[in-house]
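Here are a few notes to read alongside the model. Take them in order, with the structure open next to you.

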Amino acid sequence: MFPESTTGSCYEECKSTAEWLLAQMEVRPLLGIVCGSGLGGLAEMLKDQVVFRYEDIPNFPQSTVRGHAGRLVFGTLKGKPCVCMQGRFHLYEGYPVQKTTLPMRIFKLLGVEMVILTNAAGGLNEDYKVGDIMIIKDHINMPGFAGVNPLAGQNDERFGVRFPCMSDAYDRDLRQLAQDVGEELGYKDFLREGVYCVLGGPSFETIAECRMLYRLGADAVGMSTVHEVIVARHCGMRVFALSLITNKAVMDYNSEEKANHEEVLQTGKQRAEQLEKLVSSMVSRIKHN
Ligand SMILES: O=P(O)(O)O[C@@H]1C[C@H](O)[C@@H](CO)O1
């Protein structure tokens with residue numbers, strides 16, 4: 001027997017939620033989008049919207065964080081059928097990791113083939129500036145080192161294999177497409193590619209922690225995305241992910257800077273338009289199988 005907390009995203013539960021959603025509307029999404037803190041405007045790009053509040057969706061967790069509206073938006077983006085999470089779930093909200101990633105399995109059962117995830121993150125890399133957009137090329141699952149992995153517990157082969165590979169988690173072709181589109185849009189000065197490290201939050205990092213993470217190879221630090229990516233890859237969806245560098249991680253004991261959620265949301269507002277343009281231009285060029 002596996003403990004209760006590992007059963008937060010079982011096949012039957014996900015299937016009944018997916019079937020409930022499919023019965024309410026005609027959209028059959030091929031693309032899933034997850035909006036990070038303050039980046040919910042991405043959902044507004046969808047045409048012919050059908051919107052569900054999380055509280056009305058069976059088995060769905062609730063958003064509790066400012067900047068995460070708690071709405072599942074269906075529609076089309078550049079003519080492609082999409083589902084967009086306007087608000088995601090984080091470990092620090094108190095959900096078991098399996099519950100925070102449940103929407104990825106629901107996406108899969110809705111027919112989604114590819115997921116685009118966004119997040120707000122602190123920049124560890126000394127070359128990064130506030131407002132940079134970082135294409136995620138790899139991740140460090142820090143809670144995973146302590147056994148916090150959304151795939152822990154009994155494996156359901158209907159979703160994927162027991163031991164999924166993660167060295168190819170972030171789709172190389174989609175990363176290249178983002179670079180090409182970014183260059184065409186004139187974003188070269190603020191488009192980066194790097195490694196994202198997830199921590200549990202909700203407290204921001206200490207100076208010593210930031211220094212350590214940078215030395216370990218992380219370019220940005222945040223509190224999300226990685227677990228969703230693990231579950232999305234486990235069930236065979238292609239993944240592309242972006243971090244908006246909303247603040248610089250404090251690395252210097254003489255600094256007076258203090259990380260705060262206001263700054264995170266503010267930077268999100270300032271870069272929203274470019275981030276949306278990058279995502280929508282990519283989507284217009286993505287080919288589905
Ligand atoms: O959902 P994301 O990862 O974008 O949210 C980040 C991490 C915390 O939830 C919050 C801190 O300001 O923003």
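**Notes for a first look**

1. Let's start with the record. An unreviewed UniProt entry lists residues 31-283 as "domain: Nucleoside phosphorylase". Over residues 31-283, the chain comes out as 28% helix and 26% strand. The end C-alpha atoms of that stretch sit 9 Å apart.

2. Keep in mind that this is a predicted model. The protein chain has a mean pLDDT of 95, and 97% of its residues reach 70 or more. As for the overall scores, ipTM is 0.99 and pTM is 0.96.

3. Next, the annotated site. Under "binding site", the unreviewed UniProt entry gives Ser37, His68, Arg88, Phe89, His90, Ala120 and Ser224. These are spread over 188 residues of sequence, yet they cluster in space, with a largest C-alpha distance of 13.5 Å.

4. Now for the ligand itself. The shell around the ligand holds 13 residues, and the closest are Gly36, Ser37, Asn119, Ser224 and Val264. Strand S5 (114-123) and helix H8 (261-285) are the elements that give two or more residues to this shell. Sorted by class, the shell has 8 polar, 4 nonpolar and 1 charged residues.

5. Have a look at Ser37, which is on the UniProt "binding site" list and is also one of the closest residues to the ligand. You'll find Ser37 in the loop between strand S1 (31-34) and strand S2 (47-53). Is Ser37 buried or exposed? Ser37 has 26 other C-beta atoms within 10 Å, so it counts as buried. Leaving out residues up to four places away in sequence, Ser37 touches Gly67, His68, Ala120, Val264, Leu265 and Gly268.

6. The loop between strand S4 (80-86) and helix H2 (97-100) is where His90 lies. His90 is buried because it has 23 C-beta neighbours inside 10 Å. Apart from neighbours within four places in sequence, the contacts of His90 are Val65, Thr100, Gly201, Met223 and Ser224.

7. Finally, the core. In soluble globular proteins, nonpolar side chains tend to be buried together. Here the largest nonpolar core has 72 residues, and Cys84, Val115, Tyr196 and Val221 have the most contacts inside it. If you pick out Val221 and set aside its neighbours within four places in sequence, its contacts are Ala121, Gly122, Leu124, Cys197, Leu199, Glu205, Cys210, Leu213 and Ala249.

Conventions
Residues numbered from 1 in each chain as written. Predicted model: local features only at pLDDT ≥ 70, side-chain atom pairs only at ≥ 80, totals over all residues. UniProt positions renumbered as here; feature names shortened; annotations may be inferred. Helix = DSSP H or I, 4+ residues; strand = E, 2+ residues; numbered from the N terminus. Buried ≥ 20, exposed ≤ 12 C-beta atoms within 10 Å, placed from the backbone. Contact = placed C-beta atoms within 7 Å. Near = placed C-beta within 6 Å. Nonpolar A, V, L, I, M, F, W, Y, C, P; charged D, E, K, R; others polar. Core = buried A, V, L, I, M, F, W, Y, C linked by C-beta atoms within 7 Å. pLDDT = per-residue confidence, 0-100.
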